[in-house]
Every structure is written in structure tokens, then in C-alpha cells.
Amino acid sequence: MSTDELIWDVKKDRVLRELKKGKRLDGRKKMESRKVEITPGFLGRAEGSAMVKLGNTRVVAGAKLGIGTPYPDSPEDGVLITSIELSPVASPMFETGPPRGKTVEAARVIDRGIRESNMVKTEELCIEPGEKIWTVFVDIFPMDHDGNIIDASAIAAVAALKNAKIPKYEDEKIIRDEFQGKLPTRDTPVAKTFAKIGDEIVLDPEIYEEKSKDARLTVYINDKDNVCASQKGGSGAFKREEVNKLIKEAVKKAPETRKQIEEL
Amino acid sequence: MAKKTKKLMKKGKRLDGRKPDEMRPIKIKAGYVKRADGSAYIEWGGNKVVASVHGPRTCYPRHERSPYKARIQFKYKLAPFSVDDRANPAPSRRDKEISKVSSEALEKAVFTEYYPKTTIDIYATVIEAAAGTRVAALSAASVALADAGIPMRDLVPACATGKIEDTVVLDLNKDEDQEGQADLPVAYLPHNDEITLMQMDGDLTPEEYEEALDLAVDGCMKVYEEQKRALRERYEHIEQETEEE
């Protein structure tokens, strides 16, 4: 831990020194995101999938459908479950073992954005009221962590849900290679994550910026250009003016990403 | 979830009779657990939370030790009997997330650099829940830290706002939390005028977000007064005891 911390401290000095001159290590402007590449339907065995590259950060998401029982307070609604595995495959910073704070937070932030935007029409996923519903699992697997796993995962999860199909269900059995139709969806929620390093704020932090950050803000924007979820992370803090400014910035930047997902 | 099924306001007032910017009654007691280094108990609306601080003490596991600063570890927990359907005593994903962001929210307030290689553990257990448990637990936590005599820049009051029937309101109750359109829990560092915890779900326009954030900070300042009152009360009590001796 201590040697790692020393290395990151040295990097942080450099990141901050450049930022004060208005520069980022990779030449981007402060409010410029890295290029997004989306490959829909990347996986063959998942009902929906997508591979996303955000700069050098690479994430794959797969949607699987299964039969479940509804929650007692919503007997006619399907269930959506989002999880993420931060595996050492993607970075030496990740460890194996049961999910800890960081992993759980990432999964829950992405889950909230998708859920609160009402993207998946869960009301159309009922098979037998109070008894049987479709459960949609979205599992996210970062394969290369070069910063901002959250935004990349958010795109991958939404893209996977957008191309997911519902398998046929006959005689209490799921027929995996035949489909009854597309997974019903409406909104396309988009996450925008900012990192605050010293007094500087950047959009879409790459790995050095992310490790140098004092605080992080993720803002989820729905189709109405409203905020449907947000989350501050990191031990630093934000001024109110900064929060308000970043929300407007997220509203401004979301449509481009949304368009890219919807045009797939 | 952004639903609008239930009526939550009547003639500009909320169903429990509060005005939109009115908080539920709050009471904090500093120094509640004798065997903890510091502690606090909070009753806020229908919430009851007890928080204990242990430390600074040696940090285990070793790899989480920092040569520069103390680790701040806040653990939030819902007691099994605190909610309608019994909560599983094992930490849920929700507990883990709240614990993480709350630890971070407290870290900025503590002079962690004074205690390298140690951990300062704060355990907060909700024994009765009625919406806003995370902000109640967090508000109790910094009082417990102060009660432990840990050097701090400031207390960290926390408060939630939300939206019901298209109106931004302070401190959601249980029905408003479940049936409302948005929820925005916030923790605030008054000394720095900075936000150290912020989560949100629901549906808010950028303008509503700004309004809700300002109202949350106003709420935090009310909590802050109660936190200071609780600590003053605790100190007076000790002063009295010394005089008696």
C-alpha cells in the first residue's frame, strides 16, 4: 500500500501541475470525454450484450433473463438486477474476494440510473401476477481499467439492455435459442462522471486523474434532460456552485452519448 | 422510483402537518455508550440510531494501514427489527454503499494526518427506521467522533431533501420517501461550505436540483445546531460531575 501510495502521489503532482496550466496528460480539454466505441451483441450466449471502449477503458456487459418471483409490493413487475465484478483481470488494483465498498457502490450507482429512468418496462415482464416474472440480470465485467469504469459500464449496461431479447417460455421451460421479442425499453439514461483534483474538475477521468482525485461526482441524465440519479464519491468535497455547474455540463454532454447508443 | 400514485400534500402542507421546509423533531445525545471512546444517540422523526467510535487504534488488516493518515471506517447497519420486514443481519449491498460514502463524508472533517497507521472506526446501528436513516446515522457519527475527543475541522451534519407532488421538501418521512418523486441525501461541512456526501435518485430538473441542494444545506444547518447543543450538554454534565467530586 505505502509504495503504491508514494507512486500515485508523484503522479498526482504531475496531473495537478498540468491541470493548473489548463492541460490534461492526454491532451484533452477539461470537459472533453474520451472517444466511445460500442459493439452491440458482442456475446453469443447472453440475451443482450455490448462491448464498450471509452478511450482505453474496456467493459463488456451481458444481460441474462431468468424466471423469478416478483417482490410482494409489485406483484406484476419484472425485476432488474445490476452487478459488476471488478476483477484483477482489468487492473492490479482490483482484488478477488467478496464485493467491497467500491464494487458495490459502482453497481448500485449504475443500477439506480437505469432503474430511476424507468428504462426497462418492468410492467411488461409479468408472466403470472404474484407468481412468475422475468428477472433481468445485467452483469458488467470491466476488462481493462484505464479510468472511469462507471461511465463505460453505464453505456455497456444500457446498450446490452437495448439489444436484449426475451426467450420463449413454454411448459415452464425457457427455450434459450428462440425468442418471443425484444426486451421492452423506453429511456436511454446516460452517466457523466467528473473528478475533482485539487480545485480543478475534469470530465471522464483517465486512470491517473482518477487515482489523483479528491472527489468524484456521477450524474445520471434521463431523456427529459433531468437528473435521475447522482452520487458523490471520494474523501474530498464539492462546493454547491460546482455541483450546479457540473449538472448543467452533464445535461449538455449526455445527448451525444445517448444518440450514439440509440443509433446502434 | 418516480411515481405519483399517492396523495402526499394537502393545502400546501404535508400529510404529517409539516410545511415543505420543515424538519421532523430531532434530538441528539452525546456520550451514550460508556465503553466506547465516543458515542452518540439520535432520535429524528421515527428514526433511532446509536453510534460508537473506537480509536484511533491499530489498523488491521495491515494493507489498509496508511503511513500518512488514519483510516476512517464508518459502518452503517440496519438492525433486523428496525424495519417492517425483518432485515437480514448480514451487511446488504445498500449497507456497504452507505458505509463507503459516509466514511468518505466524514474523512474530510477529521485531522486524519495526526494519527498515521491507525484506524478510527465508527459503528452506527439503526434500531428503528423511518426514512432518512443514513443522514441520521451520519449526523450521530460526527457527534460521536467529537465526543471521543478526536481533532476535527468541524462536525458533519447531514439531511435529506426530496420532491413530492412536484414540490421540493425537506426531510422526507416514510411515505414521502416511498411514494415521492426524488430523494437527495446530503452531508455538509459548514466550516468549508462544502458538500461531503450527496446521493440522489428520482427525477429532478437542474433547477429543482439546485433548489433541493440549497434546502438540504439549510436542513444541515438545523442539524448542526442540535449537534452543537448535544455536545454542549455533554460537556456541562461532565463539568458538574467534576465539581461534585
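Trainee: How many of the eight residues of S6(B) are buried?
Mentor: A residue is buried if 20 or more other C-beta atoms, placed from the backbone, lie within 10 Å of its own, exposed if 12 or fewer do, and partly exposed in between. Helices (H or I, at least four residues) and strands (E, at least two) are DSSP runs, numbered from the N terminus. S6(B) is largely enclosed by the rest of the structure, because its buried residues number seven of the eight.

Trainee: Which pLDDT is required in this model before side-chain atom pairs count?
Mentor: Residues are numbered from 1 along each chain as its sequence is written, while chains are lettered from A and ligands numbered from 1 in the order in which they are written. The model is predicted: totals for chains, interfaces and linings use all residues, local features need pLDDT of at least 70, and side-chain atom pairs count only at pLDDT 80 or more.

Trainee: Which strands stand at the edges of the open sheet of five strands in chain B?
Mentor: The order is S3-S4-S5-S7-S6, with mixed pairing, where two strands pair if DSSP finds at least two bridges between them. Two strands have a single partner each, so one side of each is left without a neighbour in the sheet. These are S3 (26–30) and S6 (71–78) of chain B.

Trainee: In S7(B), which residue is the bridge partner of Tyr76(B)?
Mentor: S6(B) and S7(B) pair in the parallel sense, over eight bridges. For Tyr76(B), the bridge partner in S7(B) is Ala124(B).

Trainee: At what angle to S4(B) does helix H2 of chain B run?
Mentor: Helix H2 (residues 133–147) of chain B lies across S3, S4, S5, S6 and S7 of that chain. Axes are lines fitted to C-alpha atoms, for helices over the stretch in contact, and angles run from 0 to 180 degrees between N-to-C directions. On this basis, the helix runs relative to S4(B) at about 150 degrees.

Trainee: Which strands are at the edges of the open sheet of eight strands?
Mentor: The order is S10(A)-S9(A)-S11(A)-S12(A)-S11(B)-S10(B)-S8(B)-S9(B), and the pairing is antiparallel. Each edge strand pairs on one side only; the two are S10 (200–203) of chain A and S9 (167–170) of chain B.

Trainee: How many bridges join S12(A) to S11(B)?
Mentor: S12 (residues 227–233) of chain A and S11(B) run antiparallel. Across this pair, Val227(A) stands opposite Leu204(B).

Trainee: Which element gives the most to the side of chain B that touches chain A?
Mentor: Two residues are in contact if their C-beta atoms, placed from the backbone, lie within 7 Å. The contact takes 32 residues from chain A and 35 from chain B. On the chain B side, H1 (93–107), S11 (194–204) and H4 (206–244) each supply at least two residues. The one that gives the most, with eleven residues, is S11(B).

Trainee: How many residues of that side of chain B are charged?
Mentor: Ala, Val, Leu, Ile, Met, Phe, Trp, Tyr, Cys and Pro count as nonpolar, Asp, Glu, Lys and Arg as charged, and the others, Gly among them, as polar. The side of chain B that touches chain A holds 14 nonpolar and eight polar residues, and the charged residues number 13.

Trainee: How are H2(A) and H1(B) oriented to each other?
Mentor: H2 (residues 101–116) of chain A packs against H1(B) at an angle of about 110 degrees, with the axes 8 Å apart. Angles under 35 degrees count as roughly parallel, over 145 as roughly antiparallel, 65 to 115 as roughly perpendicular and the rest as oblique. The two helices are therefore roughly perpendicular.

Trainee: Is Gln260(A) buried, exposed or partly exposed?
Mentor: Gln260(A) is found in helix H5 of chain A. Leaving aside neighbours within four places in sequence, Gln260(A) is in contact with Val36(A) and Ile38(A). Because 16 C-beta neighbours lie inside 10 Å, Gln260(A) counts as partly exposed.
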